[in-house]
Amino acid sequence: MLNDRKKKILKRAVMLIIIMLFFIIIGFSMLKYEVEGEKNMPFQLTKISIISTANGIPNTETLDRWNFNLVQNNDIYFNFEKNENYKEQESIKKISIENIKVLQSPLKGTTYFYRPSQQAVDWYENIEEARVTDKVEYQGNETSNVKELQVSNQEGIVGIRFAIEDLGTYVSEEEQITHDGLLLKSIGLKQEELKSKIAFDLVLELNSGIRYKAYIEQELPLDSVLEEGISKKEITDLNYVAFKRF
């Protein structure tokens, strides 16, 4: 009788240990997923490129040769490529930059976000029609057309601009000037007065209905913009960007 009771107790203890180990393994798996995210997405974020510079918006009612309101621009690009190791057929329905926030505002100026504009020479122009407050969406298509907010459904680049405007006036009678970050330095602005931090969700949605989301924070502008005029950075070590299904 006593041996039977001991056996039952032992079985219960073993069963309890097995259950506890099961939940511990599940917990570690969930924690690992939260930190690392998906490891075999059909399309991978392979590079984030950042360009920090500045330009001037002309003041028309002036007799000066050069008279500009200065703007500091930060263009962020996200490069998605097809994962050749992913065996199933998938295509991109859309890529969006959502829940855009300014976590730390600069000491000087006014902040805005911009999407690509059809009126721009390159991608962006700081005009009211191109401002975004919460998100910008790129629809999947056969080919990319950034000014139409279209991205190739097999790979492509999407982006957003973070601008600090109303930074002051640059006045000069010089024959030529260069529109870059050196203009900011010339009126006495300092890096710490521009320091900002932004955050957003980068969302990849497939035509199959699967959606992935990654939270990204970025400090801007790049540190050398006042010294170099144009500062560029390419980030290819993206282990800190964790895409998760939602």
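## Enclosed cavities

Two cavities of 30 Å³ or more are counted in this structure. A cavity here is a set of points, on a 1 Å grid over the protein atoms alone, where a 1.4 Å probe fits but cannot get out. Grid points are joined across faces, edges and corners, and a volume is the space filled by probe spheres set on the points. The model is a predicted one, in which local features need pLDDT of at least 70 and side-chain atom pairs count only at pLDDT 80 or more, while totals for chains, interfaces and linings use all residues. Residues are numbered from 1 along each chain as its sequence is written, and side-chain values use heavy atoms, with hydrogens and water left out.

Let's begin with the largest cavity, which has a volume of about 50 Å³. Its lining (residues with an atom within 4 Å of a point) is made of Pro42, Phe43, Lys82, Asn83, Tyr86, Glu88, Gln89 and Glu90. By class, these are three nonpolar, two polar and three charged residues. In this scheme Ala, Val, Leu, Ile, Met, Phe, Trp, Tyr, Cys and Pro are nonpolar, Asp, Glu, Lys and Arg are charged, and the others, Gly among them, are polar.

The second largest cavity has a volume of about 30 Å³. Around it you will find Ile48, Ile50, Ile76, Phe78, Phe200, Ile216, Gln218 and Tyr240. Seven of these lining residues are nonpolar, one is polar and none is charged.

## Open pockets

A pocket, in contrast to a cavity, is an open set of points with protein on both sides within 12 Å along at least five of seven lines. The largest pocket holds about 450 Å³ of space. Its lining has 17 residues, and Asn55, Asn73, Asp122, Tyr124 and Arg161 are the closest to its centre. Both β1 and β2 give two or more residues to this lining, with β1 giving the most, six residues. The lining divides into eight nonpolar, five polar and four charged residues.

The second largest pocket has a volume of about 300 Å³. Of its 15 lining residues, Glu38, Leu45, Leu238, Val241 and Phe243 lie closest to the centre. Here, too, β1 gives the most, with four residues. Seven nonpolar, five polar and three charged residues make up the lining.

## Nonpolar cores

A nonpolar core is a set of buried Ala, Val, Leu, Ile, Met, Phe, Trp, Tyr and Cys residues joined through side-chain atoms within 4.5 Å. The largest one has 53 residues, of which Leu45, Ile48, Phe78, Leu202, Leu204 and Phe243 touch the most other members. Strand β2 gives the most to this core, with six residues. A second, separate core has five residues, among them Val71, Tyr114, Ile127 and Ala163.

## Two residues up close

What does Leu204 touch, leaving aside residues up to four places away in sequence? Its contacts (heavy atoms within 4.5 Å) are Met41, Phe43, Phe80, Ile92, Lys94, Ile95, Ile210, Arg211 and Tyr212.

Thr53 belongs to strand β1. Thr53 counts as buried because its relative accessibility is 17%; buried means under 20% relative accessible area, with a 1.4 Å probe and protein chains only. Again not counting residues up to four places away in sequence, Thr53 touches Val71, Gln72, Asn73, His179, Asp180, Gly181, Val225, Gly229 and Ile230.

Conventions
Buried means under 20% relative accessible area, exposed over 50%, partly exposed in between (1.4 Å probe, protein chains only).
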